[in-house]
Protein chains: 2
Amino acid sequence: MRLAILAHEQFPDRAKTAVGVLRYADDDVVAVLDRERAGERVREHVPDVQDAPIVASMDDVPDCNALLIGIAPIGGGFDESWRLDVRAAIERGCDVIAGLHYFLGEDEEFAALADDHGVSLRDVRRPPDDLTVAEGTAGEVDARVVLTVGTDCSSGKMTSSFELRDAARERGLDAAVVPTGQTGIMVAGWGIAIDRAIADFAAGATERIVQQAGDHDVAFVEGQGALVHPAYSGVTTSILHGSQPDSLVLCHNAGNETFGGYDDFALPSPAEYVGLYESMAVPISPATVDAGMLNTADLDPDEAEAAVADYADEIDAPATDPVRYDADDVLDALL
Amino acid sequence: MRLAILAHEQFPDRAKTAVGVLRYADDDVVAVLDRERAGERVREHVPDVQDAPIVASMDDVPDCNALLIGIAPIGGGFDESWRLDVRAAIERGCDVIAGLHYFLGEDEEFAALADDHGVSLRDVRRPPDDLTVAEGTAGEVDARVVLTVGTDCSSGKMTSSFELRDAARERGLDAAVVPTGQTGIMVAGWGIAIDRAIADFAAGATERIVQQAGDHDVAFVEGQGALVHPAYSGVTTSILHGSQPDSLVLCHNAGNETFGGYDDFALPSPAEYVGLYESMAVPISPATVDAGMLNTADLDPDEAEAAVADYADEIDAPATDPVRYDADDVLDALL
């Protein structure tokens, strides 16, 4: 598939979905739309992903099959400043792929226009209609279940999941990511956006997708949010108990001290988080924090090495930065 | 309002909603429908609530304004064996009040019939359409916020909330219950069924209703589920962080050792739960477990007294059974 990715005014630092797709999807990205960076290129900002031109609007996008919404504001709404580009994409015959809480398929203009032009509006955050409560049976799968958990949102859980999968595959293991959020679903082509499920069914939805991956050797479940996040902790907890993991990987952004977007709330330390995650997990499945992932993108090489070593000490488990170094560094501790 | 309450084959022990409405609502209950107990009376089974005849079907119900579905199976589905009674109620001109995940208003037969007969189908579990993520601001309300939490589902959180409200009112305080589940909403006439909210918005929904009660002296927030429940822990956690309580009340059924419906999972002890709830609460609001509520309905008087004393020792806080004794016994510890 030839993709254009919309990331207006947010590429790359606040465009987690765009960067995730650039890094992990098999699709060709023909352009990134960011009206504030038009004329630049992706690799000027993110060196280790596929390159593409950055353009101001759909008018400047080369031939493509789909427009993917690569940003997700807090609350998951649709920003009306994107409407012209979405309209233009549909009129060019492109599918539109979005992971918003606002479903494009329920937007009257887009639905009618897509119908006229014979294209699909793919709202990957829409959960299945037949979800129900968890039975408490995810732990029965054959796969080893490894859950990435975080100290905050956007702390590297999806990235770590895919990097761990690739490291396991390099060792000849049959490994899968179990995607629980819009970006992971866009990259892997399946999964359920747990944060969009009815709260009562969020653990049940997690259980279902873990069971769907249950025949692999190892399933890396993408975690969401953080266990004591002021807004999203319920999603985190549902995934922790619904997936019944064997092992946890704690993901953290080096230096972060407050919750992103919630500056009044101090982040518990990584060591405190180890205690919280383990004490919450253990009544349902005997999982421990067996490895750590530290995002050191903002540090220079010497600082990064020291930060990873300190982090490993603090959480009392092997740690790495899976992008700067290699997820394989910690894989032994998880298998 | 003159209510009939449907509780087929489950009254009273598995009819939590029916018993809650009988005990706390201002409405007159003219009959309970339970085809297995037809001919008996409510007070033969639950001595301390308003009395009413138990009947086999709507055919035997005296004049009334509404039929209330007083049972809620796991998963919240609609049992087709109830269809005849719901149909008969609508045809008699009764509103139908339900708290199921299955919305009666979306049932084609019921919707058409209700339209024909000019009655309302009130699905109290349907959340508002405009929910969004929590801002982390519930802690700013003037009211003292007291959250009832449990060791399992059906452990007395709603009952304790209403009993505490009444005890506080008897002391001249302006006290309210903040209802988070279908029964509490039916009794109090407002609230949001948090378990039905989109998982991402569950804490935000809680925050909204706490703020709506923020001008009272004290707001007793009805908790849901349990913090390490295999299926519902996400709802519990969303309420814990969304409500930012000042104080917690731990509710427990005397003698319970496994999760109801999940017999493979041992219940952590009440003492362990105190540690779990407090360690999970504290990063967001400085709440401690300041009182305990023990359901001793299955014990004789001597056993009950000893069990409450043991429970108070175990959780290191004053405790009572708010139905057998009085919620006022522990109110000082919460104000």
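Tutor: Two strands pair if DSSP finds at least two bridges between them, and both strands (E, at least two residues) and helices (H or I, at least four residues) are DSSP runs, numbered from the N terminus. This is a predicted model, in which local features need pLDDT of at least 70 and side-chain atom pairs count only at pLDDT 80 or more, while totals for chains, interfaces and linings use all residues. Residues are numbered from 1 along each chain as its sequence is written, and chains are lettered from A and ligands numbered from 1 in the order in which they are written.

In chain B, strand E1 (residues 2–6) runs parallel to strand E4 (residues 66–69), joined to it by four bridges, and within E4(B) the bridge partner of B:Leu3 is B:Ala66. E4(B) also pairs in the parallel sense with strand E5 (residues 95–98) of chain B, over three bridges, where B:Leu68 has B:Ile97 of E5(B) as its bridge partner. Between E4(B) and E5(B) the chain crosses through helix H3 (residues 83–91) of chain B, and this β-α-β crossover is right-handed, a term meaning that, with the strands pointing away from the viewer, the path from the first strand over the helix to the second runs clockwise.

In chain A, an open sheet of six strands has the order E3-E2-E1-E4-E5-E6, with parallel pairing. Strand E3 (54–55) and strand E6 (121–123) of chain A stand at its edges, each with a single partner strand, so one side of each has no neighbour in the sheet. E2(A) and E3(A) are paired in the parallel sense over two bridges, and A:Leu33 has A:Val55 of E3(A) as its bridge partner.

Helix H2 (residues 83–91) of chain A has A:Asp85, A:Val86, A:Ala89 and A:Ile90 buried, that is, with 20 or more other C-beta atoms, placed from the backbone, within 10 Å of their own. These residues cover an arc of only 135° around the axis (taken from the directions from the helix axis to the C-beta atoms), which puts them on the same side of H2(A). They pack against strands E1 (2–6), E2 (28–33), E4 (66–69) and E5 (95–98), as well as helix H3 (108–117), of chain A, where contact means C-beta atoms, placed from the backbone, within 7 Å. After H2(A) comes A:Gly93, whose phi is positive, near 90°.

Key:
Buried ≥ 20, exposed ≤ 12 C-beta atoms within 10 Å, placed from the backbone. Contact = placed C-beta atoms within 7 Å.
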